[in-house]
Amino acid sequence: MRGELRTYLMVLAMLSVFAVLAAGTIAANGRARLVSSQESGPYQIDVSIIPAEAIVGRTHVSILVLTLADQEPLTVADVEISATGPVGGVGFGPIPAPNDYFPSFFETDLPFDVPGDWQVQVMVSSEMGEASVELPMRVHEAAGRINWILMAALVVILLAAGIFVWGKIPGRPGGRRSR
């Protein structure tokens with residue numbers, strides 16, 4: 001009984017460590033890097049990306065639209081993004097950027113297909129009017145990047161599973177006794 005309690009406490013401790021590691025990925029907007037802040041029409045349009053450098057594949061973009069009059073976040077608007085890329089790249093858009101998760105942030109993923117210099121256009125439309133901003137974005141190859149948080153989570157899960165199974169093997173110290 002005492003060995004099982006120890007095993008369950010170890011599993012609980014490992015899961016707690018995993019929860020702490022995962023908490024860093026939950027607040028994604030807090031880790032986004034601001035790449036542009038421009039005024040256009042009645043708006044200030046702030047564009048942030050995750051990861052810190054735009055990469056081939058998926059680059060997450062988060063757009064905060066503030067009213068110039070009172071610097072309040074706009075929560076009711078249509079935000080779309082389009083881009084043209086270097087030679088050999090396939091431009092895209094307009095792609096809608098909804099604010100489904102956080103009312104103040106309009107978000108989507110940008111499907112860059114080749115590295116190089118891209119021209120990104122963000123268009124905002126609301127009852128206050130229409131506006132757009134353009135920003136250059138250098139896109140890098142995604143190869144060689146290691147997601148250390150994911151690796152740490154896998155190690156914790158494997159350790160927890162190993163400790164749990166070890167305690168269940170008959171004849172092992174702290175394991176079940178054979179009858």
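Visitor: Where is Val165 found?
Guide: In this predicted model, Val165 is found in helix α3, which covers residues 148–168.

Visitor: Why does Val165 count as partly exposed?
Guide: The relative accessibility of Val165 is 47%. Buried means under 20% and exposed means over 50%, with partly exposed in between. The value for Val165 falls in between, so Val165 counts as partly exposed.

Visitor: Which residues make the nonpolar surface patch?
Guide: Phe164, Val165, Trp166 and Ile169 make a patch of about 350 Å². A patch residue needs over 30% relative accessible area.

Visitor: What pattern does the chain follow along the sequence?
Guide: The pattern is α-α-β-β-β-β-β-β-β-β-β-α. That goes with three helices and nine strands.

Visitor: What makes β1 and β7 edge strands?
Guide: Four strands form an open sheet in the order β1-β2-β4-β7, and the pairing is antiparallel. Strands β1 (33–40) and β7 (105–110) each pair on one side only, and they are the edge strands. From one strand to the next, the twist averages 20°.

Visitor: How do you know that β4 and β7 pair?
Guide: Two strands pair if at least two bridges are found between them. Strand β4 (residues 59–67) is joined to β7 by six bridges, so the two count as paired. They run antiparallel. In this pair, Leu64 stands opposite Phe105 of β7.

Visitor: What holds strands of a sheet together in general?
Guide: Strands of a sheet pair through backbone hydrogen bonds, in a parallel or an antiparallel way.

Visitor: Why is Thr108 called buried?
Guide: Thr108 is found in strand β7. Its relative accessibility is 13%, and the cut-off for buried is under 20%, so Thr108 counts as buried. Leaving out residues up to four places away in sequence, Thr108 touches Thr59, His60, Val61, Ile81, Ile95, Pro96 and Ala97.

Visitor: What makes Ser82 buried?
Guide: The value for Ser82 is 14%, again under 20%, so Ser82 counts as buried. Ser82 is found in strand β5 (residues 78–84).

Visitor: Which residues is Ser82 in contact with, beyond its neighbours within four places in sequence?
Guide: They are Phe92, Gly93, Pro94, Gln119, Val120, Gln121 and Met123. As for Val122, its C-alpha atom is separated from that of Ser82 by 6.8 Å, although the two residues are 40 residues apart along the chain.

Visitor: How do you know that Arg138 and Asp117 form a salt bridge?
Guide: The closest N and O atoms of Arg138 and Asp117 are 2.7 Å apart. The rule asks for a side-chain nitrogen of Lys or Arg within 4 Å of a carboxyl oxygen of Asp or Glu, so the pair qualifies. By this rule the count is one salt bridge.

Visitor: How many residues does the chain have, and what share of them counts as buried?
Guide: The chain has 179 residues, and 32% of them count as buried.

Technical notes
Residues are numbered from 1 along each chain as its sequence is written. This is a predicted model: local features need pLDDT of at least 70, side-chain atom pairs count only at pLDDT 80 or more; totals for chains, interfaces and linings use all residues. Side-chain values use heavy atoms; hydrogens and water are left out. Patches are made of residues with over 30% relative accessible area and no salt bridge: like charges are joined within 9 Å, nonpolar side chains (Val, Leu, Ile, Met, Phe, Trp, Tyr) within 5 Å. Accessible areas come from the Shrake-Rupley method with a 1.4 Å probe; for residues, only the protein chains shown count as cover. Buried means under 20% relative accessible area, exposed over 50%, partly exposed in between (1.4 Å probe, protein chains only). Axes are lines fitted to C-alpha atoms, for helices over the stretch in contact, and angles run from 0 to 180 degrees between N-to-C directions. Contact means heavy atoms within 4.5 Å.
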